[in-house]
Amino acid sequence: MKWLMHVKFKIMIVCLLSLILASCLQKKSVAKNVTITAAQIEMIAATVQEYCDTLVFFGTVYITSADAVVYEANCGPQNMQYDIANTTESKYRIGSNTKAFAATMLMKMLKGKDLRTQTIGDYLPWFPKNQCADVSLHNLLTMSSGINNYSDNEDVYDNYGWRPFLYDQTLNLNGPEDFSNRFCTCTEQDEKPTFTPGSKYQYSNCNYYLVGNIIEQIAAGSQGDIDRNFWFENLLKEQILDPINMNDSGSFSAIGVYQNMTTGYISNQNPYLPLANGRPPLVGGPAPYENILKNPYSNPLVLYSAGDMYSTVTDMHKWDQALYTSKILDEAQKLVAFAPYSNTGNSTQCEYYGYGWFVTFIDPLQFGKVADCPSDPADANLRKYEKFLQYSGSYPYSWVTSFNRLVERDQSVMVFSNYVKTGFESDCIASEIRNIIFYSDKHREDKCQAILIDA
């Protein structure tokens with residue numbers, strides 16, 4: 001009994017320290033003048049125009065400050081076949097930006113529980129009784145589980161995850177559960193994590209696929225052929241999208257019909273195109289798009305809670321603004337969600353992974369000066385730097401959506417694209433816009449300059 005009390009006491013101390021750390025790192029302290037000036041808008045417009053004019057970017061750029069939209073631009077086709085241009089109403093596949101929604105849903109459903117002590121095995125009875133079953137939900141959310149990434153296996157994109165369940169009915173698993181059972185249970189990594197969970201960062205879509213499984217399991221109270229009300233996409237709508245009126249967002253279905261949905265495109269010179277399973281068309285679009293192909297098909301359920309959402313920039317602005325209120329998460333939950341945990345090892349900036357977000361710290365006074373960035377964020381005074389949250393959500397061979405929350409300024413930068421030439425275009429634009437806002441200079445990277453030169 002004394003041993004049990006001692007364990008509980010240690011858990012309480014860990015939780016308290018985590019909340020204190022998150023509170024300290026959330027403090028707004030360094031961003032002073034947060035006005036986006038007319039001169040900065042002029043620089044932003046010139047930057048975006050370069051990428052549009054060279055036909056390396058199709059999409060929407062949207063910059064907000066609190067409730068106001070301070071800049072918007074659209075370029076390229078929403079659909080070449082019907083000669084429809086992109087607009088702010090265009091719907092984009094937002095890829096891994098889905099992870100922030102999944103993390104938020106899990107936190108809401110397990111409010112009051114310490115996610116460091118809750119494990120995969122606690123919520124998924126079908127999960128093998130191996131060492132990976134003991135991985136905590138905190139490790140899943142912070143990309144520190146040691147469970148390998150299913151996305152490294154190209155075969156999965158066509159053949160698995162379907163609803164209704166199409167495989168061995170005797171397993172009593174639904175489509176997403178069957179997918180995780182095949183690819184995310186450590187059966188091909190000696191039944192154990194590849195490293196001690198929590199000891200380092202390793203990106204893996206399995207982490208957030210399993211989060212989706214757990215969300216459905218909690219809601220349905222059972223596995224297998226559950227009522228569709230408990231499917232991830234319907235829980236997402238009920239818990240987040242409807243309450244904040246994100247009416248043009250949801251989980252994508254291959255058989256759905258969506259007004260203003262962008263068609264995805266890829267350059268016929270993209271080096272990853274030969275890996276595509278979906279057999280892209282052999283010829284490109286009409287002039288001047290002869291070298292641009294419609295995206296190859298892949299099964300969207302393979303992305304699920306790790307990346308299957310679509311949205312518009314206007315809806316994502318609603319999401320951004322709701323996260324400053326208590327409509328979705330309360331103040332304590334936001335402190336935990338937006339705190340830095342796993343150092344990503346990025347050599348060019350101080351970057352951690354939080355709960356569904358990349359959490360980045362910059363020196364607000366000097367561009368290029370990399371912030372002190374220890375493996376344990378508690379070992380540095382990160383409050384002297386400016387923090388922003390971001391994700392570059394990509395869908396194989398077509399969409400890249402860079403969503404940036406400049407949380408100390410109540411501003412957002414969105415660069416949503418439905419065309420992949422190299423895959424870096426959206427991130428290049430977003431990075432240059434952030435630098436203009438932070439430092440009044442675009443500070444273009446060499447790889448971004450090369451994209452424009454090679455266009």
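Trainee: Between which two helices is the loop where glutamate 191 is found?

Mentor: Keep in mind that this is a predicted model, in which local features need pLDDT of at least 70, side-chain atom pairs count only at pLDDT 80 or more, and totals for chains, interfaces and linings use all residues. Residues are numbered from 1 along each chain as its sequence is written, and side-chain values use heavy atoms, with hydrogens and water left out. Helices (H or I, at least four residues) and strands (E, at least two) are DSSP runs, numbered from the N terminus. With that numbering, glutamate 191 is in the loop between helix 7 and helix 8 (205-220).

Trainee: Is glutamate 191 buried, partly exposed or exposed?

Mentor: Buried means under 20% relative accessible area, exposed means over 50%, and partly exposed lies in between (1.4 Å probe, protein chains only). Glutamate 191 has a relative accessible area of 34%, so its class is partly exposed.

Trainee: What is the phi of glutamate 191?

Mentor: Most residues other than glycine have a negative phi. Glutamate 191 is not a glycine, yet its phi is positive, near 60 degrees.

Trainee: And what is the phi of asparagine 172?

Mentor: Asparagine 172 sits in the loop between helix 6 and helix 7. With a relative accessible area of 41%, asparagine 172 is partly exposed. Although it is not a glycine, its phi is positive, about 55 degrees.

Trainee: Which residue is joined to proline 164 by a cis peptide bond?

Mentor: Most peptide bonds are trans. Proline 164 lies in the loop between helix 6 (156-159) and helix 7 (175-183). The bond there is cis, with omega about -5 degrees, and the partner of proline 164 is arginine 163.

Trainee: What is the order of the strands in the open sheet?

Mentor: Two strands pair if DSSP finds at least two bridges between them. Strand 2 (68-75) and strand 10 (342-343) each pair on one side only, which makes them the edge strands. The sheet has eight strands with antiparallel pairing, in the order 2-1-15-14-13-12-11-10.

Trainee: Why is strand 13 largely enclosed by the rest of the structure?

Mentor: Strand 13 covers residues 386-394, which makes nine residues to check. It is largely enclosed because the number of buried residues among these nine is seven.

Trainee: Which residues have the most contacts inside the largest nonpolar core?

Mentor: A nonpolar core is a set of buried Ala, Val, Leu, Ile, Met, Phe, Trp, Tyr and Cys residues joined through side-chain atoms within 4.5 Å. The largest one has 85 residues, and those with the most contacts inside it are Phe101 and Trp319.

Trainee: What is the relative accessible area of phenylalanine 58?

Mentor: Phenylalanine 58 is in the loop between helix 2 (38-53) and strand 1 (59-65). Not counting residues up to four places away in sequence, it touches Cys75, Tyr265 and Phe416, among others. Phenylalanine 58 is buried, and its relative accessible area is 0%.

Trainee: What is the volume of the largest cavity?

Mentor: On a 1 Å grid over the protein atoms alone, a cavity is a set of points where a 1.4 Å probe fits but cannot get out, and a pocket is an open set with protein on both sides within 12 Å along at least five of seven lines; lining residues have an atom within 4 Å of a point. Grid points are joined across faces, edges and corners, and a volume is the space filled by probe spheres set on the points. The lining of the largest cavity includes Glu154, Tyr157 and Tyr397. Its volume is about 40 Å³.

Terms used: Contact means heavy atoms within 4.5 Å.
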